[in-house]
Amino acid sequence: MLPVNPDRFLADLHHLRSFGASGVGKGVVRQAFSDPDIAARRWLADQYAAAGLTAHVDPVGSVWGLAEGRSLLVGSHSDTQPEGGWLDGALGVICGLELARAGKEAGRPISAVSFQDEEGRFGVTTGSRVWGGFTSLAEADALTDTTGTTFAAARARMADMAGDFVDPARFMGFLECHIEQGPWLDKAGEAAGVVTSIVGIRDMRITFSGEQNHAGTTPMHLRKDAYRGMLAYQQKITDRFRNVVTPETVWTTGHVDLYPGSHSIVPGRCTFSMQWRDGDRDRLERMEAIIREAIAETADEQGLMADTSAMLALDPVPMDAGFRAALETAAEAVAPGRWRRMPSGALHDATSVAAHMPVAMLFVPSINGISHAFEEDTAEADLVTGLTVLAHAAETIARG
């Protein structure tokens, strides 16, 4: 195993939390390109340099600690949600830093990275998607956040640090350690999860348009109520998904916009989000067919018009079999009988990195399954277990 230092690892993890600490528990507010985020990235660059790596910042603000020659890459992201936890992404970044130090000591070349804007202030895993070739820099520059700030304007705040993009060919593969962000490991009392695949995601907006009218004088049977259309649609997909989905399949309507939004007006328009996730591409496509059929039937039955936006489509990404095997062997050695194989229901930078090289992921438990919240936490013993499993696997992989 690589000679990692758990005390140093935990100290660095807590220090990273100080950049943007919310003052509420262990919560952190460190959105991409904010002052705390930039300060954290400058600190990371200094730590990489002190570890004997070449510190480098690419054009989109991802910070790299580069070992000499061909190396294993380990990392994640250090930006947070608007109200985030201290471990989401940060755990993988500090694992990368500690493994790079240990690799230097052991003569195993390991590089580290903190990708920028994984949490989506401007897009979906923006930094790694640009590096992975899924989004051009010009396309990314046109993206805006909720205030109208462009990605181009935001990344200009780090222009004094920025250099060229890093050549993916210098890496033999990528490992990412992350909190589970779900309840399964915590509820089972297990110490680690070896990820089998990262789920695919489909996401779009649906709009039902009806007839805006007076809420007091329009009889119920004559209404073309766009909101009732949305409710009817939701019932259809719930009924029809039953014979298609698995317990791991999820679907969500996370945003509903009614127009004109008055107590006394029958809604003339209802626009809502529709997102579904699963590890099987065929199942995602079957769900899409059900969704589109339910939209058309609802519009016809309710006397509405229906429109859909362009659909975001990210396919499932399987983890590399060899890297997975190394993590499984390591998990059994460190926590015998207390680990499982499991899919990731959340999107991670590894999805983008997989375009260039083999990737694998390790999960540690999330207390009560909470993430994307100030209450997010993991027992320090579980954090160290995750680091130790990763150190075993990284040594095996880096040895070749």
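Helix H12 is followed by Gly-400, whose phi is positive, near 80°; helices (H or I, at least four residues) and strands (E, at least two) are DSSP runs numbered from the N terminus. The model is predicted, so that local features need pLDDT of at least 70 and side-chain atom pairs count only at pLDDT 80 or more, while totals for chains, interfaces and linings use all residues. Residues are numbered from 1 along each chain as its sequence is written, and side-chain values use heavy atoms, with hydrogens and water left out.

**Helix H12**

- The 20 residues of H12 (residues 380-399) should span 28 Å at 1.5 Å a residue, and its end C-alpha atoms are 28 Å apart, in agreement; the expected span is 1.5 Å times one less than the number of residues.
- H12 is largely enclosed by the rest of the structure, because 15 of its 20 residues are buried (under 20% relative accessible area, with a 1.4 Å probe and protein chains only).

**Largest pocket**

- The largest pocket has a volume of about 800 Å³. A pocket is an open set of points on a 1 Å grid over the protein atoms alone, where a 1.4 Å probe fits, with protein on both sides within 12 Å along at least five of seven lines; lining residues have an atom within 4 Å of a point. Grid points are joined across faces, edges and corners, and the volume is the space filled by probe spheres set on them.
- Of its 32 lining residues, Val-124, Ile-201, Asp-203, Gln-275 and Arg-277 are the closest to the centre.
- Strands E7 (200-209), E12 (269-278) and E14 (312-314) each supply at least two lining residues, and E12 gives the most, with five.
- The lining comprises 10 nonpolar, 16 polar and six charged residues (nonpolar: Ala, Val, Leu, Ile, Met, Phe, Trp, Tyr, Cys and Pro; charged: Asp, Glu, Lys and Arg; polar: the others, Gly among them).

**Second largest pocket**

- The second largest pocket holds about 530 Å³ of space. Among its 21 lining residues, Trp-184, Glu-248, Pro-343, Ser-344 and Gly-345 are the closest to its centre.
- E12 and strand E16 (339-344) each supply at least two residues of this lining, the largest share, five residues, coming from E16.
- By class, this lining has nine nonpolar, six polar and six charged residues.

**Ala-51**

- Ala-51 lies in the loop between helix H2 (35-50) and strand E1 (54-57), and is buried, with a relative accessible area of 13%.
- Ala-51 touches Arg-101 and Lys-104, residues up to four places away in sequence not being counted (contact: heavy atoms within 4.5 Å).
- Ala-51 and Gly-65, 14 residues apart in sequence, are 8.6 Å apart in space, C-alpha to C-alpha.

Technical notes:
Buried means under 20% relative accessible area, exposed over 50%, partly exposed in between (1.4 Å probe, protein chains only).
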